[in-house]
Amino acid sequence: MPIPKLKDIKNWSVEFENQITSIWKESDQFAFNENTKKKIYSIDTPPPYINTPIHMGHAVTYSYMDFFARYKRMQGFEVLFPLGLDRNGLPIEMGAEKKFGITSFVVGREKFIEYCEKLLAETSVESIDSFAKLGISFSSYKQGKSIGSVYLTDAPEYRSVTQATFIELYKKGLVYEDNRINNWDPKLRTTVADAEIDYKELPSNFNDIKWKIKETGEVVVIGTTRPELICACGMVIFNPKDERYTHLEGKTAISPIFEEEIPISAHPLAQIDKGTGLVMMCSAGDLSDIQFFREMGLKTKISINQNGTMNERAGFLQGIKIKEARQKIIETLKEKGLLVKQVPITHRTPISERSGAEIEFIEMKEFYLKQLEFKEDLRTIAKKINFFPPESKKILDDWIDSVSIDWPISRRRYYATPIPLWYAEDLVALPIPGEYHVPWKESPQEEAEVFKAGKRIGIVKDFPKTDWKGEERVFDTWFDSSISELVLLKYKENNEFFKRAYPASLRPQGKEIVRTWLYYTILRGYLETGKPCFENTWIHQHILDEKGRKMSKSLGNTIDPQELLRDYGAEALRLWSAEEGDISRQDLSCSKDKIKAELKTITKIINVAKFIMQFEKPKGKPKSVTPLDQLMIDYMEEITKSTEQCYDNYDFWHPTLKLRHFLWEVFASHYLELVKNRAYNLEKKFSDLESESARYTLYYLLERYLLLVYPVIPQVTTVIAKELGIEIAKESFPKAILSKNDGLENIEKIMTFNKEVWKDKKDKNIPLREKLSGKEIPENLKAYAIDLQACHNLV
RNA sequence: GGUCCUGUAGUCUAGUGGUUACGACGCCUCGUUUACACCGAGGAAAUCACCAGUUCGAUUCUGGUCAGGACCACCA
């Protein structure tokens, strides 16, 4: 279907949009040209998860990214604006488990991955369709080898780059495996990073339990929420200022039931007014305990298994799940008269963000990527990246300050990038980077390098009889997504291009993933290249519901962008996104009424264009233009200038507000009314030159206006511009020619005068077209008298 | 607990050390004006959160209070 003609458009409609965007989607008109001589502007777009349709936040923020992309093209950049789809990790696994009613570790790895792939294959292309309907000008909507094609984070090409970077980090000695206490999610059976932990206030009991002092035989009472961990207690502490207990310093406590000798010491961590003031420090209580054990050099006492049950250390509790163990030990303590009392409290409990399970802290081997030693470097690197808005940099700085352990990068899950290693006794085989390796079901390459105690001692071929065992763990999803800009710019694949295009021009993303995606990307980019990975980063806030609350399924206040696209269309949604506020500075409240209302502006633009285009367009600029016309031209140049300045700082909000005001309040309501007569010139009241001046100016203003709003509402502007003989997608952004005209305030005065006249006529019940006598044109508006007189029929 | 942000008509917001505080959505009245009834003209609606201070003057600056939000944090 062809793109509609302006004369056939009465109201802008979703029907037209569907015609236009389906042509755009297939056209590849914004395909990235890697041989370009233009400067490259690359946008490291956040790959959304494919297994759920896009939400309001996506719709609005991708619209913004599209504003940026379209504007940068107008500025003469070759824009790389790829569509990526994130398909790795827990959300896919959880989706597969839910959809097919399976559990990963029950069906087995190979089978489970097939389920995940099945889910991904069946997942509708709804997300991609929604982006196309929004008119997002991605470099391509197709998968392929060329730069700018749609990329998938689980594709072998992507995963092979992830693995290649790991192989090199490993060789550089930046990766190490260590026995450490980890945040353990017993439900998903995996370690999780600090960044993936939420805290929830959950009801719990404070249990006051009797302990004995070895040296004196005295009985003390210790309060704890985790009595099942008595067997994991490494020290009992009290506050140094707590006079009740100073006599216990250096003495030994005997743990109830287990009868272990535990040292007692003063430590500021203990709070006098909390519980009984005595605290049992266990190596699996929570993060504070872990930190304490490290600090005091205590040996950890692990009492919890990876499946969430108690181990042999827990004696009679062995094999029982943690919560049941707590019940059981409380029973036992009661029986033995060791439980003094129970006080119900709410307890701030660490919760796995993804599964909702309570986090346990257990010791196991994991891979870590060194990051602590780079904190200072990262601060320096971050300073070289421009933040929009600048305040958002603080989120990153705060996070860098609070990073306290190296990054655990290994996970015990299935649908993710495998860690490319093989083992045989004390040997480690490291494959050649560049290919995708699946160690848990493949043998190592013949050429894979073999390391012993960190030293290269040959290749796999040299050890023919060795029985290699493939690594079974996978990478944390952030280990994949933190190289998005490298993959996008063809790191390790097209060195020439990479050298030319790195660092990426812009990273747009939400504030909530600054401490994950942005931080990790800066870290990885720095480790790979030693440079900042972005020139600019644009951090956005959130989309809220009409009343300013978070949208959530449980509140039932979600607004589905697919529905908005169907009812009001992309242009209205995009224009609303720009006009509602600056999403980099504040949350936007989403109102259907307001989005609907933006259709009026779209229609207004069409009607203004139709009106102007009924006149013949003068060829070239007339010898002279009238003062009123010149005034409007100068005003437009002023708007052009301020629009450009704002757009350059990713501010599309102030300009669209200003342009809206211009369209409705100045251009349509006043200027058009004033020059109508002169443009028609039916009664030949004006000279040909004056009439030509009007028509010239009308076209000038219309064309300029279209260019300025094109990045925000590309469809309407494209349709109108096409009939003006302009292919707007290929136009340059206009350069403002600022005049010395200091009479711009005259616009206000003219508007005030017009309003006065219209009110006069209404008060006197005179139709607007009829003559009005006795109204003097003020001295400072005499220059515009011919139009004022003709418009109002003043006599 | 710490840090930061916000508080302007029913809703969302702009803006300012100084006469009647911008606008949008919604609401009301009138009007079929020949680009547009997805229109035009007009109207109602805000003690600019509260308290104190600086000032001739504060919605605007400062401090505090209250409310909401975000991020961070070692409560056994």
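**Figure 1. Surroundings of Trp 12.** Leaving out residues up to four places away in sequence, Trp 12 touches Glu 17, Ile 20, Glu 571, Leu 599, Ile 602, Thr 603, Ile 606, Gln 715, Val 716 and Val 719; contact means heavy atoms within 4.5 Å. This is a predicted model, in which local features need pLDDT of at least 70 and side-chain atom pairs count only at pLDDT 80 or more, while totals for chains, interfaces and linings use all residues. Residues are numbered from 1 along each chain as its sequence is written, chains are lettered from A and ligands numbered from 1 in the order in which they are written, and side-chain values use heavy atoms, with hydrogens and water left out.

**Figure 2. The largest nonpolar core and a second, separate one.** A nonpolar core is a set of buried Ala, Val, Leu, Ile, Met, Phe, Trp, Tyr and Cys residues joined through side-chain atoms within 4.5 Å; buried means under 20% relative accessible area, exposed over 50% and partly exposed in between (1.4 Å probe, protein chains only). The largest core has 132 residues, and Trp 12, Met 56 and Phe 667 have the most contacts inside it. Helix α21 (residues 688-709) supplies the largest share of this core, 12 residues. The second core has 57 residues, including Phe 479, Tyr 491, Val 514 and Tyr 526. Helices (H or I, at least four residues) and strands (E, at least two) are DSSP runs numbered from the N terminus.

**Figure 3. Packing of helix α3 on helix α5.** Axes are lines fitted to C-alpha atoms, for helices over the stretch in contact, and angles run from 0 to 180 degrees between N-to-C directions. Residues of α3 in the contact include Ile 92, Ala 96 and Phe 100, and those of α5 include Phe 112, Tyr 115 and Leu 119.

**Figure 4. Glu 122 in helix α5.** Glu 122 belongs to α5, which spans residues 109-122. Its relative accessibility is 42%, so Glu 122 counts as partly exposed. Beyond its neighbours within four places in sequence, Glu 122 contacts Lys 99 and Phe 100.

**Figure 5. An open sheet of five strands.** The strand order is β21-β20-β19-β18-β22, with antiparallel pairing; two strands pair if DSSP finds at least two bridges between them. At the edges, β21 (455-459) and β22 (469-470) each pair on one side only. Four bridges join β20 (residues 449-452) to β21 in the antiparallel sense, and Glu 449 stands opposite Ile 459 in β21. Helix α7 (residues 156-171) packs on the sheet and touches β19 (427-430) and β20.
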